[in-house]
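Please look at the sequence and the 3D view, then read on.

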Amino acid sequence: VQDLHLTRQRRQHLLSHLGLPDLRAYDEHGYSCYCSLQVLRNEEGSSCSIPGIEPELIRMLCSVWGALYRAVGRVSACDAPTSNVCLVELFSVREVLQFEIARAGGDSARVLQDAIDSLDRRIHDSYLVWSVPLVLDPRYKLAYIEFSFRRAFGSKAAAYYLSEAATKIRKLYTEYSEHDGSTTDGADSDGAAARAVGS
């Protein structure tokens with residue numbers, strides 16, 4: 001990027017055109033690398049080259065870092081609550097990793113597989129925390145959880161995750177209803193909980 005001899009004004013224009021905040025806004029090496037690659041690709045076209053780095057690796061890094069940057073930006077936005085989209089963003093990043101694994105080979109594929117394995121562990125460890133606000137969001141409900149887990153892990157795993165999420169939501173609904181004193185019988189509360197989450 002330094003070899004391009006960009007003026008400060010040109011660099012700011014490029015970052016703005018690419019939808020990227022100023023590099024000084026982040027104290028993060030990965031983000032700096034991502035911005036630099038995006039600027040290079042914009043200035044030199046998609047065939048930008050860096051000595052010693054394969055163009056396909058540059059494309060893959062921009063794809064993966066771009067997905068991470070967008071996901072972090074969405075869940076850390078200060079203008080709206082975001083717990084309802086955390087699971088959505090985790091699955092979006094997972095899809096990009098899956099796509100890149102299918103295209104990559106050798107060491108790149110192994111590194112990407114390690115990344116997806118780590119992400120899968122995080123999803124498994126925290127899916128209940130993120131499932132409840134996601135299900136309560138009328139845009140997603142339980143159908144999205146079933147679809148996403150089936151696509152990522154298969155039908156059997158999807159049934160497990162869906163069952164766990166539905167059980168957790170019913171339990172929460174019952175606890176809130178009992179605390180509020182508004183339930184009269186358990187069957188009715190199960191039906192109301194099911195209607196509330198669209199199952």
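In which helix is Lys141 found? Lys141 is found in helix H6.

## Overall make-up

The model is predicted. The secondary structure of the protein comes to 8 helices and 0 strands, and along the sequence the pattern reads α-α-α-α-α-α-α-α.

Of the 199 residues of the protein, 33% count as buried. Among contacts between residues at least 6 apart in sequence, 57% join residues at least 24 apart.

## Lys141

Lys141 has a phi near 60°, which is a positive value in a residue other than glycine. At 24% relative accessibility, this lysine counts as partly exposed, because buried would require a value under 20% and exposed a value over 50%.

## Helices H3 and H4

Two packed helices are described by the angle between their axes and the distance between the axes. For helix H3 (residues 55-75) and helix H4 (residues 86-103), the angle is about 175° and the axes are 9 Å apart. H3 is therefore roughly antiparallel to H4, since angles over 145 degrees count as such.

On the H3 side, the residues that make the contact include Glu56, Arg59, Met60, Val64, Leu68 and Val75. On the H4 side, they include Cys86, Val88, Val93, Leu97, Glu100 and Arg103. Sorted by class, the contact of H3 with H4 has 11 nonpolar, 1 polar and 7 charged residues.

## Arg59

One residue of this contact can be followed further. Arg59 lies in helix H3 and counts as buried, at 16% relative accessibility. The side chain of Arg59 makes a polar contact with the side chain of Glu100, at 2.5 Å. With neighbours within four places in sequence left aside, Arg59 is in contact with Arg41, Glu100 and Arg103.

## Aromatic residues

The count of aromatic pairs comes to 9. In one of them, the rings of Phe149 and Tyr161 have their centres 4.2 Å apart and their planes at 20°, so the pair is stacked; the cut-off for stacking is planes under 30 degrees apart. This pair links distant parts of the chain: Phe149 belongs to helix H6 (residues 141-153) and Tyr161 to helix H7 (residues 155-180), and the two are 12 residues apart.

Are the two partners buried or exposed? Phe149 is buried, with a relative accessible area of 0%. Tyr161 is buried too, with a relative accessible area of 9%. Both belong to one aromatic cluster, which is formed by Phe91, Tyr127, Phe149, Phe153, Tyr160 and Tyr161.

## Ser131

Ser131 is placed in helix H5 (residues 106-136) and is buried, with a relative accessible area of 1%.

Which residues does Ser131 contact, leaving aside its neighbours within four places in sequence? They are Leu87, Ile145 and Ala165. The C-alpha atoms of Ser131 and Glu164 are separated by 9.6 Å, and these two residues are 33 residues apart along the chain.

Technical notes:
Residues numbered from 1 in each chain as written. Predicted model: local features only at pLDDT ≥ 70, side-chain atom pairs only at ≥ 80, totals over all residues. Heavy atoms only, no water. Phe/Tyr/Trp six-rings, centres within 6.5 Å; stacked < 30°, edge-to-face > 60°. Helix = DSSP H or I, 4+ residues; strand = E, 2+ residues; numbered from the N terminus. Buried < 20%, exposed > 50% of the residue type's maximum accessible area, 1.4 Å probe, protein only. Axes fitted to C-alpha atoms, helices over the stretch in contact; angles between N-to-C directions. Parallel < 35°, antiparallel > 145°, perpendicular 65-115°, else oblique. Contact = heavy atoms within 4.5 Å. Nonpolar A, V, L, I, M, F, W, Y, C, P; charged D, E, K, R; others polar. Polar contact = N/O pair within 3.5 Å; in protein donor to acceptor, adjacent residues only side chain to side chain.
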